[in-house]
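Trainee: Let us go through this model step by step, from the whole chain down to one residue.

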Amino acid sequence: MAHNDPLLAPIPGADTRRLNGVQVDVAPAGSGRIKRVIYEPGFRWSTHMKASVGTELCMHAHVGFIARGSIGIRYADGTTVEFTAPQVVAIQPGHEGWVNGNEHAVLIEVDFMGDTAARFGMSDRH
């Protein structure tokens, strides 16, 4: 990734983690945290994260803004949604996700750990 691009550059003071094609930068903000999630082209949750996480679907809520790229989401009931930058994102727990196209997808999220769906008044499962 190009570090001369401010959207991809290191974030001073953030905790940076990399796992299976995803970079997550996390910084505290009040009672929650702000996350920048960078997904590599070709990323698919079921292929790259399912075994590490141990659940059939991603059980986290994601609320924020897709700043670059495009992601697809499919819920267990078959509903599909696509988010393409620039777009607000609100994804309920219980989904599969993937990157569309050949560009990194960059998602900026507001996160309350396991309490995100409830704090935003979302269902705890789609």
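Mentor: The radius of gyration is taken over C-alpha atoms, and the globule rule is 2.2 Å times the number of residues to the power 0.38. This is a predicted model: local features need pLDDT of at least 70, side-chain atom pairs count only at pLDDT 80 or more, and totals for chains, interfaces and linings use all residues. Residues are numbered from 1 along each chain as its sequence is written, and side-chain values use heavy atoms, with hydrogens and water left out.

Trainee: What radius of gyration does the chain have?

Mentor: The chain has 126 residues, and a compact globule of that length would come near 14 Å. The chain agrees with this, because its own value is 14 Å.

Trainee: Which pattern does the chain follow along the sequence?

Mentor: Helices (H or I, at least four residues) and strands (E, at least two) are DSSP runs, numbered from the N terminus. The chain holds three helices and nine strands. Read in sequence order, the pattern is β-β-β-α-α-β-β-β-β-β-β-α.

Trainee: Is I11 buried or exposed, or partly exposed?

Mentor: I11 sits in the segment before strand 1 (15-19). Buried means under 20% relative accessible area, exposed over 50%, and partly exposed in between (1.4 Å probe, protein chains only). The relative accessible area of I11 is 34%, so I11 is partly exposed.

Trainee: Which residues does I11 touch, not counting those up to four places away in sequence?

Mentor: Contact means heavy atoms within 4.5 Å. With residues up to four places away in sequence not counted, I11 touches D25 and R36.
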